[in-house]
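Hi,

Here is the model I said I'd pass along. Have a look, and my notes on the contact between the chains and the charged pairs follow below.

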Amino acid sequence: MAFQPVVTSRFAKPGQYRMEVVNRDVAGIDAYVKAGGYKIAEDVLKNKTPDQVIDAVKASKLRGRGGAGFPTGMKWGFVPKDGRQHYLVINADESEPGTFKDRYLIEHDPHGLIEGCIISAYAVRATRCYIYIRGEYFSQRADLDRAVAEAYAKGFLGKRLFGTDFDLEMVVYSGAGAYICGEETALLNSLEGKRGEPRLKPPFPAIQGLYGKPTVVNNVETIHAVPFIMERGGEWFAGLGTEKSGGTRMVCVSGHVKRPGVFEVPMTLTLRELIFDQCGGPSRGHAVKAVIPGGSSAPVLTAAELDVQCCFDALARAGTMGGSGGVVVIDAATCMVRTAVNVMHFYAHESCGQCSPCREGTNYLELLVHKIEAGHGTPADIDTLYDAAGNMQGGTTICALADAAAMPMRSYIEKFRDEFVEHVRLGRCPLDDLRLSLHGGWATA
Amino acid sequence: MPKFVLDGVEREVPAGLNVIEAAALFGTKVPHFCWHPKLKVSGNCRMCLVDVKPGPPKFSIACNTIVADGMTVETKTERVMQARRGVLEFLLLNHPLDCPVCDKAYECTLQDYTYDYGISHSRWEAAGLHEDKRTYERKDFGDKMFVEMNRCVQCTRCIRVLRDVAGEYELGRTERGHALEIASYKDTLTSDFQLNAVDVCPVGALGDKKYRFTARVWDMYARPSVCGGCSIQCSVDVWTKENAVKRLTPRRNDFVNSSWMCDTGRHGFDFANSPDRFGQPFVRDDAGGHAPTEWAKALAAVSARLKDVVAAHGGKSVGLVLGAGLTNEEYFAASVFAKAAGIAHVGFVPGENKRPYRWVDSDVLPDTLVSDDKTFNTNGALSLGVAGAIGGKDVVTATVEAIERKKDGLKALIVLGENLLDVRRTGGARVGPDAGRVAKALQSLDLLIVADREVTATAELAHVVLPTVTHWEKEGTATNWNRHVQAFKPAFAFEHGRPVSELTVITELARAINADFPRAAPSAWFARLAAAVPDYAGLTFDGLLAAGGALGGVDSAVNAQIPAKSAPAQASIGGE
């Protein structure tokens, strides 16, 4: 049977992995309702209890699609049943380098998100929902605002939805250009009008979140799956996936491939199949050298390691992570040290600066790897770089941004150490000549 | 009382302590920069990383982990040591090697921890990156606080002190990442409590401009006493170098000032070093001027003249005016002296003795860190029965009138620690008749004995002027606005001449009239007053040395309506 997408099914061409937008009407509420939209939410609110929704999501084995892959049903189960104000917050900050999937869900299926929010808020007993969207998504913000206004106008948001006694107010809030605001507690601080700095955990947001109240923070793609789960059952969704990870995944492929794009794939698809079959393989005539499988925070894989499935657990066993699904393909004409410089510069720029290892360490990593790349490095610098990165991991910091810088940095050294050594030995990039001959200059990596 | 395993040994601790506090009970130091027992948890320095089970395989921070039953904590494993080395390396990457010129040396936690846990060479320097140390533009925060932000480790203690203790959110984080800078939106910090941030700063980024470069820490002695700037009587440490006071720092006292003090009090020690202090008695000579006289001769002269006056006109012709800055022992001894000598006219000018405040939240508010009543021991005098008014009038007016009275007026006056020509109380308001009238009255006395630290306008008119010491050079007790008594011992000794305490003066004058009057140590006088004055029953001098105690047998915490324990550590949910 041909593959059927789930979360992109309302607007994407069926029967293929590549997300090809064929239905541009369903972004508007009339087409959405006509296609059966908001019926699932109505059914849930009228005929199911919040706990039944949580049970269904637990059975679905849905895992967070924002990068951490935490089981969604379990997270919802942590919310206390205490009669206090609860909040649902949608993390649409999508800033992980290499990731651009949520953007399309917002552009082409905003009502799917809203319907997912209604059901999810009901499950966690939240009567207010905030969508935090990255500031750079200007037009997507407009799409969302329009959809929210449409939903309010039709009574799908506001007081007494579908005639039940469940209220849901929705607020869309724009960020202002900080990757760290994608970290859930930094997001909450930003939402509260404070500096976007992560909070200490514990306590976790499910216990003490927005304005100190129990809060569930979920990714856009995660929430998009919820109506489908309620419509067709948790077991159905679980069956689409692997042992511990239900459903399908969206992945984005960029870099040196012939046909980059956004895909919705089964968890069993391998990276090799994704890159070569779906994307046509490398684009510049050089072999694939390295692949970042889950956003720049994920440790890099070599070309020999691509027979791993896109499943969270398989990638974890391979020493990397599924992360946010941002797959970046790097060919052999690309210097891995220069790639590392680019990546380390990002984390140094985005660190919030609260805690010592990240504030100083991301700067340290950037300066050291830059020094090596510029040809001024020593062998000791490589060891220092590797060792310093090790001191930024494993709970030494308030949030995982430091791990997100340190883990890939270490993986570049572990898997491409020869390139670092060559930079030191030659006093310049070993690919300089190749780059010059191929591309006539420094323009490309 | 949770039981937990600390570094392999089972321990039991009171509930509610974090791992740093719990470990400290057993002599285990968990290093930390940003945690402070009186401030909300920030958890950002990451120096206190420890391993806690049950829990994730990652490190936990000791400051934000409350000890629970069945917990296992490791603070000394190689893994933890490596984490500490890592954090120290990160903090030293951008830290300037200013130790030779930095005031904080010897009391700098970064220095201490680097010595205890760090490595002795810099990989940053080995990598040739020392030119790339981050620097900030030089900032100035005003007249009081010295700032060198290049030394800052961004622990945010200063922000939290100003925000939560002083109530003035004047400092905050600006920028992001390694460009993060603690800065102010104001040009000058205005809070009168800003220098508490200097105390808590773990490095030399913040300093006290008054203190800067005046002494090295290892050259000073720090001795406990109390501030004399107002009726709060904050517990302090008096830091002296070669018997000159160099600075005051607040000493933690959960019943009085928590861990803080106001800037005015902190800087209020110049009087102790003042060149106007004198060290030997002066006796008026025939020419009308004052001749320096050695103690034995001066005391002999004053005793003889006092005896004469009493013999001729009786004890009721002698007046005794006390300052508002004497110790409890001195007030009590003065009362005993007056009674024994038949002196009826005894009094002092009290400051406005405010009623106790209710302490709000879990820490001190500015209202309760500084009082408008700038007298040191009004409440001590009042609680010991010294009259704050005579005949319904303030003591200055009453004394002047008593001198001017032809019949049964005062012929002699003993003034201890007060300048009657210029008595000022709350708000700077002047007490008593105009200076001209006061001077005329004093000049008409047969005998005017003045004891003070400096030669005041009143002293200029005296027949005998005796030099006295500050309360930092005395042993004694004092009672604050909140009926809390603290005991203190001498913190230093004035090096020029031999000023004495008012207690000595009272004793010698008393013995002139009554040879039985005892020469006793202040602690012995305290025992005597505790037996005689019901409010002070049950208190002992030694018992009051650490943190003091409450009058009336009431537990200080109840009396002051504050929690006896320090503020509960709660995580600040972001937004500094």
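Between chain A and chain B there are 22 residue pairs in polar contact, both residues at pLDDT 80 or more (N or O atoms within 3.5 Å; within protein, one must be able to donate a hydrogen and the other to accept it, and residues adjacent in sequence count only if both atoms are side-chain atoms). On the side of chain A that touches chain B, α14(A) gives the largest share, 10 residues (helices are DSSP runs of H or I, at least four residues; strands are runs of E, at least two; both are numbered from the N terminus).

This is a predicted model: local features need pLDDT of at least 70, side-chain atom pairs count only at 80 or more, and totals for chains, interfaces and linings use all residues. Residues are numbered from 1 along each chain as written, chains are lettered from A and ligands numbered from 1 in the order written, and side-chain values use heavy atoms, without hydrogens and water.

One is B:Arg173 with A:Glu197, at 2.7 Å between the closest N and O atoms. Another joins B:Arg134 and A:Glu360 at 3.4 Å, N to O. B:Arg134 lies in the loop between α4 and β6 of chain B and A:Glu360 in helix α14 of chain A, so the pair joins two chains. Both are buried (under 20% relative accessible area; exposed is over 50%, partly exposed in between; 1.4 Å probe, protein chains only).

Within chain A, salt bridges link A:Arg65, A:Lys101, A:Asp102 and A:Glu221 in a network.

Cheers

Terms used. A salt bridge is a side-chain nitrogen of Lys or Arg within 4 Å of a carboxyl oxygen of Asp or Glu.
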